[in-house]
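Please take a look at the structure below, and then we will walk through it together.

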Amino acid sequence: MKLKRHFIRIKVRRNLIILTAALGIGVVLCTMQSCKKDSSPAKQTLYDSLGGTTKVSDPANSGTMIEKGRLGLRSVVDSAIFVIAADPEINGFFQTLLAEVGSNNLTGFTALSKNLTDFFCVATGAKNFTYGGKNMHDAHDPATNSRMNGKADSGDFDAFVADVVTAAKKNGLSDQLIGQVGVVIYSVKPAVVQK
Ligand code: HEM
């Protein structure tokens, strides 16, 4: 009887040890998991790959700083406007803008550059900017944007993309980054192509 009680006590003690060890391991694993969750780095956006929020001096505005990601996108946008302006396949759509620039009025160019840059910043993951222009359908419908000279078809869209790629290459973007910008551009195709 005494021996039986002795064995039961040993068994209970052994089970307690196993239970405590299991709980201990559980707590350690849990902690490790939650640590992993907390310290996992935020997902790298395309905006980050383009330079992100690191501030650099703005070559176009002396004495001001600009986020590197925004500078990269603005450089591509401004080059693209020039490439498009020289492209007879689609420059007719930008008649108003080209006439203004021809008479030294840069108001429309500055507004378009800002809106396009804001649009691409937001679309590529920037957090410190907002897009305040028209939605993509209204911006490309002559009924809601008198600066859009006609409706664009799929061929016009492809010509526009080719011009943006030329501009991106001029600014030293890698093929990989250009591919990622292409994904953003093609996401708006259904809204832009209205013919
Ligand atoms: C490929 C993707 C495209 C994007 C992301 C895009 C984006 C934009 C944005 C953000 C604006 C400014 C809207 C505003 O200020 O409210 C704009 C205006 C305009 N877009 Fe597009 N666009 C695209 C394709 C095209 C295409 C294919 C054409 C014609 C072939 C085109 C012609 C224009 C014109 C004419 C304007 C007005 C320019 C001005 O203010 O004088 N866009 N676009």
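## Reading the model

Helices (H or I, at least four residues) and strands (E, at least two) are DSSP runs, numbered from the N terminus. Residues are numbered from 1 along each chain as its sequence is written. The model is predicted, with local features needing pLDDT of at least 70, side-chain atom pairs counting only at pLDDT 80 or more, and totals for chains, interfaces and linings using all residues.

## Around the ligand

A residue is near a molecule if its C-beta atom, placed from the backbone, lies within 6 Å of it. The ligand has 25 residues around it, and Leu 97, Gly 133, Lys 134, Arg 147 and Phe 160 come nearest. Helices H4 (95-102), H5 (107-123) and H7 (154-170) each supply at least two residues of this shell, and H5 gives the most, with 5 residues.

## The chain as a whole

The protein chain holds 9 helices and 2 strands. Along the sequence, their pattern reads α-α-β-β-α-α-α-α-α-α-α.

## Two packed helices

Two packed helices are described by the angle between their axes and the distance between the axes. Axes are lines fitted to C-alpha atoms, for helices over the stretch in contact, and angles run from 0 to 180 degrees between N-to-C directions. Helix H3 (residues 68-85) packs with H7 at an angle of about 130°, their axes lying 8 Å apart. That makes H3 oblique to H7, because angles under 35 degrees count as roughly parallel, over 145 as roughly antiparallel, 65 to 115 as roughly perpendicular and the rest as oblique.
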